[in-house]
Amino acid sequence: MTNPKLQSAVNNLSQVWQASVKEKLPDLSNVSAWLEVDLNRELYFAKSLLLLTPTDLYSLESAGENAWTVQQWRLTQQMQMTLRDYAGAGTLELLTPDKSICTWRFTLGRNEQVRAFAGIFSQLVVQSSLYGDPTNTADREHLSHPSSAALTAMRSEEHTSELQSRLHL
């Protein structure tokens, strides 16, 4: 049986990606976002696919004709994504405070999609740190009913941002 959320997200992919995702990740469900990057590490044109769920990040990269390698990382609160660009090529990097985990390259024509993907990634990392593992039944209760402490922390952070913004005007 196909998960409707996965089917909806996967339907927007090309037929090649749809087949690869279904073949390599048949149990994948609850896709929050996907991103196709168009350069490899050597800056040659080569497509890779990133899939984001509330708990994991997946990467499908070409390993030759009709062959794909799959990598998976469990989202943790220490993870972050950074974006850089230089001379028409962008870099999306997954890292923790002490090391770089993985790097993807893309042409700047995809910059808007990469920024949106990185924003969703950041939201999911924050949610996992505030509410725990969304696949855990006990933690899922907190997702639908956040504690007052969590709401206060979020509002405090918003308020600080607003004050900082006014100082920069």
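Helices and strands are DSSP runs, numbered from the N terminus. In this predicted model, Ala-87 falls in the loop between strand 5 (80–86) and strand 6 (89–96).

Mean pLDDT for the protein is 77. A value of 70 or more is reached by 70% of the residues. Residues 1–7 have a pLDDT below 50. Beyond near neighbours in sequence, that stretch makes eight contacts in the model. Residues 134–169 also have a pLDDT below 50. For this second stretch, 17 contacts beyond near neighbours in sequence are present in the model. Where pLDDT is low, predicted coordinates should not be read in detail.

Strand 6 is paired with two other strands. With strand 5 the pairing is antiparallel and runs over seven bridges. Within it, Gln-80 stands opposite Leu-95 of strand 6. The pairing of strand 6 with strand 7 (residues 99–107) is also antiparallel, over eight bridges. Here Thr-96 has Lys-99 of strand 7 as its bridge partner. A hairpin of two residues links strand 6 to strand 7.

Burial of strand 6 was then examined. Eight of its eight residues are buried, so strand 6 is largely enclosed by the rest of the structure. Ala-89, Thr-91, Glu-93 and Leu-95 point one way from the strand. Gly-90, Leu-92, Leu-94 and Thr-96 point the other way. The residues on both sides are buried.

Most residues other than glycine have a negative phi. Ala-87, not a glycine, has a positive phi of about 55°. This residue sits in the turn of the hairpin formed by strand 5 and strand 6, which has two residues between the strands. Ala-87 has a relative accessibility of 72%, above the 50% cut-off, and therefore counts as exposed. Leu-43 also has a positive phi, near 70°. Its loop lies between strand 1 (33–39) and strand 2 (45–52). Leu-43 has a relative accessible area of 41% and is partly exposed.

Trp-17 belongs to helix 2 (residues 15–24). Its relative accessible area is 3%. Because that value is under 20%, Trp-17 is buried. Neighbours within four places in sequence aside, Trp-17 contacts Glu-36, Lys-47, Ser-48, Leu-49, Leu-60 and Trp-68. Trp-17 and Glu-36 are 19 residues apart along the chain. Their C-alpha atoms are separated by 9.4 Å.

Definitions and conventions:
Residues are numbered from 1 along each chain as its sequence is written. This is a predicted model: local features need pLDDT of at least 70, side-chain atom pairs count only at pLDDT 80 or more; totals for chains, interfaces and linings use all residues. Side-chain values use heavy atoms; hydrogens and water are left out. Helices (H or I, at least four residues) and strands (E, at least two) are DSSP runs, numbered from the N terminus. Buried means under 20% relative accessible area, exposed over 50%, partly exposed in between (1.4 Å probe, protein chains only). Contact means heavy atoms within 4.5 Å. pLDDT is the predictor's confidence in each residue, from 0 to 100. Two strands pair if DSSP finds at least two bridges between them.
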